[in-house]
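Try each task before reading the solution below it.

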Amino acid sequence: MNRQATLKSTAASPDAVNSSQARRKHRHWIWLLFQNRTAVVGALFVLVFFLIALAAPLISPRDPLKLDVRNSLEAPSVEFPLGSDQFGRDVASRVFYGARLSLGVGMSVGLFSIAIGLFLGMISGYYRRLDAVIMRVMDALMAFPSIIFAIVLMGILGPSVQNVIIALTIVFSPRVARVARSSVLVAREEMYIEAARAIGSSDSRILTRHIFPNIVSPLITQASYIFALAVLAEAALSFVGVGGNPQWPSWGNMLAEGQIVVRQAWWITIFPGLAIVLVVFGANLFGDGLRDALDPRLRGR
Amino acid sequence: MNRYLVRRLVALMPLVFLIAVIAFTLVRLTPGDPAAVVAGPDATPEEVARIRASMGLDDPLPLQFLRWAGQVFLRGNLGNSIVQGQPVLEMILQRAQPTLLLAMVGGFLSILMGIPLGVIAAVKHNSWLDRTLMSFAIVGLSIPNFWLGVLLVMALSIYFPLLPPSGFVSIQNGGISALRYLILPGIAIGASNAAFLARMVRSSMLDVLNQDYVRTARSKGLGERRVIYSHALRNAMIAPLTVIGLLIANLTSGTVIVEIVFNVPGAGRLLINSVARRDYPVMQGIILITALIYIFANLIVDLFYGVLDPRVRYE
């Protein structure tokens, strides 16, 4: 790691007045990110699964929904690379199609939570009068244990993938709001905000052009952690049977079906579980690497 | 201290109020007319209207909320299950023992693993041991607790038949052998929390080890063991203490899922069944109680700060 470069970047950040300097700073942390082996390895893990999800129809040996009772509980073989389940469905194809669901939910929840949390956090940190109300509501939402809250929301919304995304977004966006708010509170005290206000910039201009660029990096870190949490949560919801459509393959419901026949067929339990661990591990590594690249003081923590 | 406690309790009231509003509103958002459910499928519209009026469902929402909140907070009445007609609080309490025991075993294991491993990693900062432990910690955070549960069953109940693969025996019936049913689910619940704690303890220990008083303790000739265990560790425990509330929330969430894996008749099973049967009062009761546990756990943690950190004053 280039120590001098990092020192320079922290020294320069408070006076990143105009956009060209801001852009240089951005290039800087992305460059640092590529230097960070942890982040690159994490990103590769996630990327591989994104490719699997995209290419699922091309690389799946069989139809993931097709029942084939004569070939039920086949061990991994040339015909069934990762074995078959109790209904004769191909585990490999189901793991590949399950990647679409898991990553789709993870991405959507990540994006929506960031958007909503960012909006709430920014107005809460900037307009102090709204702060107390918004943050109390966020505190109240965060008092409900995440998975229990998500299960209850699914009970109210009904089973569907859209509702999984809605429920998990409700559960995770208060966290983002907290992070965004505390970053805004730091940024709004900076001299350049005062300068922008002095030359008559409107609030919305200050928020979007001056504060946003300075809080975007901690939010990207949050996004990768929320992606990881959402993939885990979706799997947990499907596992206990309150996720989306139970017919459609999800790593969570595959594990639930696998547990029933765990004595005869280890492969139904092992492969979807490994897929979850690898994706979540990758996203967590990426988040840690990103955090270190963005904040040199935290390096190696 | 007493005045501080009273002030903290008063400060919690808006939060408790908001939690109650959310729990109340959630159930109001559900499709379907509760009066129609109570009246049954054969009721005439007039009967449904009469029942709706007698249930107070025609009153303005704020009034309905106050009436509900009064029952909940003054009488401890969470309403009755739509499916079984039994009081919700009673149903939850009947299933509380397995859940609390599992969460406690999980919490105990995560502290037992997480704190020493975090300290070791910090003391051996940047060594291969540190890197190995921290890689394990990220893996621990990435393993779904329910999958770990099934893997443990495969290893320790099926391959080596040492522990029961599922079920639960209460302490009253099983005594000490009831513990056998708690070990595997306890590990499944505890693993990610142990990883979370280890990372937290390591990071806070690294901060403390750079402090002046640690250098002073070393320079006045104290042994390394003494410096770490009596000077550094005590101060390093303050930051992890702030997340105990979060830890309790994680343990409850984890228990709900892991109960399903091990077929434990606890509050988690009750929650899943109530979702399947659309038994809204039960769902409402469970999230209300778990949220209250969370905020009171945080209150207790706040009160204990002063014990670890005398700089904290209760003014």
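**Exercise 1. Find the mean pLDDT of chain B, and say which helices of this chain have the lowest and highest confidence.**

Solution. This is a predicted model, so begin with its confidence values. Chain B has a mean pLDDT of 88, and 97% of its residues reach 70 or more. Next, go helix by helix: confidence in chain B is lowest in helix H2 (residues 34-39), with a mean of 73, and highest in H8(B), at 95. Finally, look at the complex, for which the predictor gives an ipTM of 0.91 and a pTM of 0.89.

**Exercise 2. Describe the secondary structure and dimensions of chain B.**

Solution. Start by counting elements: chain B has 16 helices and zero strands. Then take the principal axes, along which its C-alpha atoms fill a box of roughly 85 × 60 × 35 Å. Of the 315 residues in chain B, 36% are buried. As for contacts in chain B between residues at least 6 apart in sequence, 72% join residues at least 24 apart.

**Exercise 3. Decide whether B:Glu259 is buried or exposed, and list what it touches.**

Solution. First place the residue: B:Glu259 lies in helix H14 of chain B. Now count its surroundings. B:Glu259 has 28 other C-beta atoms within 10 Å; because the cut-off for burial is 20 or more, B:Glu259 is buried. Leaving out residues up to four places away in sequence, B:Glu259 touches B:Thr99, B:Leu102, B:Val264, B:Gly266, B:Gly268 and B:Arg269.

**Exercise 4. Characterise the side of chain B that touches chain A.**

Solution. Begin with the count: 41 residues of chain B are in contact with 39 residues of chain A. Helices of chain B that each supply at least two residues to this side include H1 (2-28), H14 (244-261) and H16 (280-308). Sorted by type, the chain B side has 33 nonpolar residues, seven polar and one charged. For a close-up, pick A:Ile148, whose contacts include B:Val256, B:Leu271 and B:Ile287. Both A:Ile148 and B:Ile287 are among the residues touching the most other members of the largest nonpolar core, which has 162 residues.

Technical notes. Residues numbered from 1 in each chain as written. Chains lettered and ligands numbered in written order. Predicted model: local features only at pLDDT ≥ 70, side-chain atom pairs only at ≥ 80, totals over all residues. Helix = DSSP H or I, 4+ residues; strand = E, 2+ residues; numbered from the N terminus. Buried ≥ 20, exposed ≤ 12 C-beta atoms within 10 Å, placed from the backbone. Contact = placed C-beta atoms within 7 Å. Core = buried A, V, L, I, M, F, W, Y, C linked by C-beta atoms within 7 Å. Nonpolar A, V, L, I, M, F, W, Y, C, P; charged D, E, K, R; others polar. pLDDT = per-residue confidence, 0-100.
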